[in-house]
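Subject: Handover of the two-chain model

Dear colleague,

Here is the model you are taking over, with the sequence and coordinates placed just below. My notes on what came out of the analysis follow after that.

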Amino acid sequence: MALELMNPCGVSRYDEEPIAPRLRDLTKKVLGLLDNSKNNADLFLDHVLKALNKAYSFADVLRIKKSSGAVPAPFTTEFLERCNAVINAFGD
Amino acid sequence: MCTDEFFALGKAEAEILGMPGLPILTIPHPMARQRPERVAELAVQSVPEIIHILTNDAAGLEREYKAKTVVSRAKLRYKTLFGDDFSLEESPDKFKAPTSLEAINKLLYARGWTDGLPIIPPTEERVKEMISHWGWNPQEIIGLLPPKRGEASVEKIAINAVMAGCILEYLPVVIAATKAMIEKDFNLYGLQTTTHSCTVMVLVNGPMAEELGINCGYNAMGQGNMANATIGRAIRLVLTNIGGASPGILDRATFGSPAKYSFCFAENEAESPWEPFHVERGIPKSLSAVTVFGVEGPHNVNDHGSQSAEEVLLTVSGVLATPGTNHIYLGGEPLIVLGPEHAQIISSDGFSKGEVKQFLYQKARVPLELISRGNLDRFRKIWPERFSGLGNGESVPIAAKPEDILVIVAGGQGRHSAVIPSFGATKAITVPITDRDGQPILVRERKSGTSRD
């Protein structure tokens, strides 16, 4: 004989969205770097940018930094509107 | 980007945002203590994948990263009951379980739905009885709980409250605490997913505290009282099952704390020389309220010798001023629980709560020489205004301003108080305890005794 029990888990509802269209080329694009203030995230992004700069010429690079890892990112309108791509370092 | 240990958290967040195929590049954990040369090396090694993610076909990337899995060091014991994810929209509201209490607990434990202790089986009868006692609409959604943005309906909250062992009368407190936790400034997402050993502490004020028998006196923060134990436990189950923060998976607490099982008590308003905490927060004394705090476990302040306010508060300052909490570099709201005897000593010397906070702000300072070089470098980046220009011999306060220090009175007789450090990136939230119509619940006659008489 079985007992019927109620599911304690919260239902998560979301509509799937496709990821943003990709860039054919990074040249003359605006690159965003989001530093979540974890140790070495800034250094990591510095070296990523340095390596990317050797291969591509960006129109601009915008950097923002969270005040701590545990709070939402302080996105500015300029950052959201101008960046063609964003690299976020890093969940740690 | 995520380190491999935190990939699961990043992937869950991406799924909740509707992008299960969001490309997440993984790097070896931990990054925090890597030497600069190694950070540079790993960064350069990541660049080809970064370019791949930014420039290749989006549909192909989605398939690739949707399928990506990373083995965590956490020993995962959870199985899913409903396909891949028990919180999916199509998961059944009810499920078949064995009839014996032991077998039910074994099943729910294996699903990761308990806190490791036996639960009361959440039958429809028990859940309906709890909800109808208060006349709530079971489908009313109180809010979405992170990290999985699970819908906290009245029914789901009641299911977890039943499992925790709550009696019918406790439901409004659990609902009020859930409402408070969802407030943006509480930063529940941060609290649920951090490596920090923090939990949600629930403080109850007002007439309902006494009506429900919530302990505010001897052993208030300890075991033995049903209301304290089960309300706090219900909150933890709500956070785990509705919010989805399962230990080792989305709850990344390095070692957690016993306070994560249950942390709920009432303020000892009768023995406090000052106004109750909820009154300080703007709620009339005659009404009842819940405050949620994102905090660590309590640290006792043992002071049997001090004879004056300054002396007692000096001891409290000493316990408060430690480099190992988040206060010095994130600020936040340190919570001080004064035992009634200490509170009387302090107030007898004419100290108001405001003056207590001022004193602690001035005295509870962490000398720079107690902060490691590595931490100083990090803190200077996170809070440059506080740390720049500080030299040897100087010290750092444990709050951004005196008003951020919170003071309550609880406990029985004895010359003890407690410091409860805050997670830092969170603010305490106080809400009135209300009924289904949003009206404050006044202490009222029960329908027919308590459900546990």
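The largest nonpolar core has 145 residues, and those with the most contacts inside it are B:Ala161, B:Val174, B:Val202, B:Val290 and B:Val292. By nonpolar core I mean a set of buried Ala, Val, Leu, Ile, Met, Phe, Trp, Tyr and Cys residues joined through C-beta atoms within 7 Å; a residue is buried if 20 or more other C-beta atoms lie within 10 Å of its own, exposed if 12 or fewer, and partly exposed in between, with C-beta atoms placed from the backbone. Please keep in mind that this is a predicted model, in which local features need pLDDT of at least 70 and side-chain atom pairs count only at pLDDT 80 or more, while totals for chains, interfaces and linings use all residues. Residues are numbered from 1 along each chain as its sequence is written, and chains are lettered from A and ligands numbered from 1 in the order in which they are written.

Turning to the interface, the contact takes 45 residues from chain A and 73 residues from chain B. On the chain B side, helix H2 (residues 36-55) supplies the largest share, 10 residues, where helices (H or I, at least four residues) and strands (E, at least two) are DSSP runs numbered from the N terminus. That side of chain B divides into 40 nonpolar, 20 polar and 13 charged residues, if Ala, Val, Leu, Ile, Met, Phe, Trp, Tyr, Cys and Pro count as nonpolar, Asp, Glu, Lys and Arg as charged, and the others, Gly among them, as polar. Strand S1 (residues 3-6) of chain A also pairs with strand S3 (residues 94-97) of chain B, in the antiparallel sense and over four bridges, two strands being paired if DSSP finds at least two bridges between them. In this pairing A:Met6 stands opposite B:Lys94.

Within chain A, three strands in the order S3-S2-S4 form an open sheet with parallel pairing. Its edge strands are S3 (60-65) and S4 (85-89), each of which pairs on one side only. Strand S2 (residues 30-35) pairs with S4(A) over five bridges, and A:Asp35 stands opposite A:Ala89.

Chain B holds an open sheet of four strands with mixed pairing, in the order S9-S14-S10-S13. Strands S9 (299-302) and S13 (406-409) of chain B stand at the edges with a single partner strand each, so one side of each is left without a neighbour in the sheet. Neighbouring strands of this sheet are turned by 25° against each other on average, direction ignored, with axes fitted as lines to C-alpha atoms, for helices over the stretch in contact, and angles running from 0 to 180 degrees between N-to-C directions. Helix H14 of chain B packs on this sheet, touching S10, S13 and S14, and its direction makes about 95° with that of S10(B).

B:Ala343 is found in this helix, H14 (residues 340-348), and counts as buried because 27 C-beta neighbours lie inside 10 Å. Although B:Ala343 and B:Pro273 are 70 residues apart in sequence, their C-alpha atoms are 6.9 Å apart in space.

Helices H5 (residues 124-134) and H6 (residues 154-164) of chain B pack at an angle of about 115°, with their axes 9 Å apart. The residues of their contact divide into eight nonpolar, no polar and two charged.

Cis peptide bonds join B:His29 to B:Pro30, with omega about 0°, and B:Pro146 to B:Pro147, with omega near 5°. A:Ser37 has a positive phi of about 70° and is partly exposed, with 17 other C-beta atoms within 10 Å. B:Asn187, by contrast, has phi near 60° and is buried, with 22 other C-beta atoms within 10 Å.

Best wishes

How values were computed
Two residues are in contact if their C-beta atoms, placed from the backbone, lie within 7 Å.
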